[in-house]
Amino acid sequence: YFSKEAVERLYKAASGWFEENKMFEDALINAIRSEDIPFAVAVFNRHRIELFNHDRIHRLNRFIALFPSEARSNYLEIVLSSAMLQNYYANFSDMAKSIRRAEELFKALEPHKPYERKLLGEIHCLKNIMSFKSGDMEQSLFHAEKALELLPGDEPYFQRESSVAYYTMALYIKGAKHKALQKVDSEFKKLASANPYYKMRWLQARCCIHFLEGNTDLMRTDGEVLKTLTAPDLFPGAWVMGVYSLTASHYMSNRLDKIGPSHEELKIHRYKGWPEWIMHLYFMKCLSDLALGRWEELDREIVQCELLADELGLESIKGLEKAFQVELFLRKGDIDSAVAVSPFANYNLQPSYWFYYIPELTRVKLLIQTHMEEEGKKLLKNLILSARKFHNNNLLIQGLALQALIYAGESQYEQAKKPLCEALTLSKDLNHKRTFLDLGNAVIPLLKEIGEAQ
């Protein structure tokens, strides 16, 4: 029998061998088996930023789960990594808890040392994201600026690049679109000419602004370049963003025939990217099948959505998928099924900044269809106000179109014209067609009347 010290040395030696041979998971497993947790955390720390840089969120989650629960809550780098992962899993309550825990742990460190400054920068990055998701753009900008001061800009560093993206989106929302694009260029464009990694980050940041603006032409061009530049095996998150940008552009501009091929490719890599983005891509395929009347294919895709949500195992994603089921039932006129599914739906996953499908609008439609018109109208009014405040054109166009449809359903045609005209005017330069085609027969006379008047 070996002594405890000898076993520890053997496991550490095995860990070192696996690490030298780029077998990180085995290196970490053996490091943890040595029962020297600080040693194991050091192994994890040497690779975690590289894993973030390559969008390996599922591997990171798996690696963190290998640690004992006490280590997961008492080592700052693990807590910081967990908080970032919760963002991608749309679990914002746990993300907030992890940020608070990270701040507590940081108090024991010396903030002026170079490595500790990086960790503080990561805390500010997380608070930047959290502030953005809660709608506090001033705090988002403040924490982003702090993160950019502390995190190095001369090496790939996912948390810095995320801070740039959220900083520029907050600038856009504050009405400073050109300043936002200039920041994206100043941060990435010079480096992009020599390094494809920075070109990828440049395109991702640009796509985020295009999503907010709802500019389908720019979504298509930058999304296609991003998809072509990246590979799902190397940068799955960036690749999925490129695919989504391209697919959403095709749907919004009514190029439905182009959606199928990308979706088949997505299915192969559905477990590699960011779960929420993957689900929304599945939704785009369902919406295109519905628009084209491909009923059998639509039924298959709905089943695939539900299976994928269950396989991902995230309550937030399961609730989102149920909200989308409600949307489809409402579009097909099956009110009873929509009502039956609704208690399991999550209509308030996060602010709908990026995605074409907006669960909050599904909630409005359900309220209107179930004789709770006043509550539905009030919610819609608040959503339209929010869309104006945050310059979210996708939400604004869909919200105004829905408002016009509600007025038309009440035979208030003159009142319906104002929001419909505004939505049409706004969508003209953005090539945003599908929302109006999905409105149905109730507003066709109004569309004709507006067209003849113009």
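This is a predicted model: local features need pLDDT of at least 70, side-chain atom pairs count only at pLDDT 80 or more; totals for chains, interfaces and linings use all residues.
Where is N431 found? N431 sits in the loop between α23 (413-428) and α24 (434-437).

**Stop 1: N431**

Check the backbone torsion here. Phi of N431 is near 55 degrees, a positive value in a residue other than glycine. N431 is buried, at a relative accessible area of 18%. The cut-off for buried is under 20%, so N431 falls within that class.

**Stop 2: H391**

Go to H391 next. H391 lies in the loop between α21 (373-389) and α22. Its phi is positive, about 55 degrees, and H391 is not a glycine. Is H391 buried or partly exposed? H391 has 34% relative accessibility, so it counts as partly exposed.

**Stop 3: N393**

Move along the chain to N393. This residue belongs to helix α22, which covers residues 393-409. N393 is buried, with a relative accessible area of 13%.

Which residues does N393 touch, not counting those up to four places away in sequence? Select Y172, L212, E213, L426 and L430. Then zoom in on E213. A polar atom of the N393 side chain lies 2.8 Å from the backbone oxygen of E213. Show the backbone atoms of E213 to see this pair.

**Stop 4: K285**

Select K285 in helix α16 (residues 275-292). Is K285 buried or exposed? K285 counts as buried, because its relative accessibility is 2%.

Leave aside the neighbours within four places in sequence. K285 is then in contact with I259, G260, H263, E297 and E301. Display the side chain of E297. The side chains of K285 and E297 make a polar contact at 2.5 Å.

K285 and G214 are 71 residues apart along the chain. Their C-alpha atoms are separated by 19 Å.

**Stop 5: the cysteines**

How many disulfides does a search of the whole structure find? The search finds zero. Two cysteines are worth a look.

Start with C305. The closest cysteine sulfur to that of C305 is in C286, at 3.9 Å. C305 counts as buried, at 1% relative accessibility.

Now select C125. The closest cysteine sulfur to that of C125 belongs to C208. The separation is 13 Å, so this pair is also too far for a bond. C125 counts as buried, with 0% relative accessibility.

**Stop 6: a nonpolar patch**

Select F2, V7 and L10 together. These residues make a nonpolar surface patch of about 320 Å².

Pick out V7 from the three. V7 is found in helix α1, residues 4-20. How does its accessibility class come out? V7 is partly exposed, because its relative accessible area is 32%. Patch residues need over 30% relative accessible area, so V7 passes that cut-off.

Terms used
Residues are numbered from 1 along each chain as its sequence is written. Side-chain values use heavy atoms; hydrogens and water are left out. Helices (H or I, at least four residues) and strands (E, at least two) are DSSP runs, numbered from the N terminus. Buried means under 20% relative accessible area, exposed over 50%, partly exposed in between (1.4 Å probe, protein chains only). A polar contact is a pair of N or O atoms within 3.5 Å; within protein, one must be able to donate a hydrogen and the other to accept it, and residues adjacent in sequence count only if both atoms are side-chain atoms. Contact means heavy atoms within 4.5 Å. A disulfide is a pair of cysteine sulfur atoms within 2.5 Å. Patches are made of residues with over 30% relative accessible area and no salt bridge: like charges are joined within 9 Å, nonpolar side chains (Val, Leu, Ile, Met, Phe, Trp, Tyr) within 5 Å. Accessible areas come from the Shrake-Rupley method with a 1.4 Å probe; for residues, only the protein chains shown count as cover. A salt bridge is a side-chain nitrogen of Lys or Arg within 4 Å of a carboxyl oxygen of Asp or Glu.
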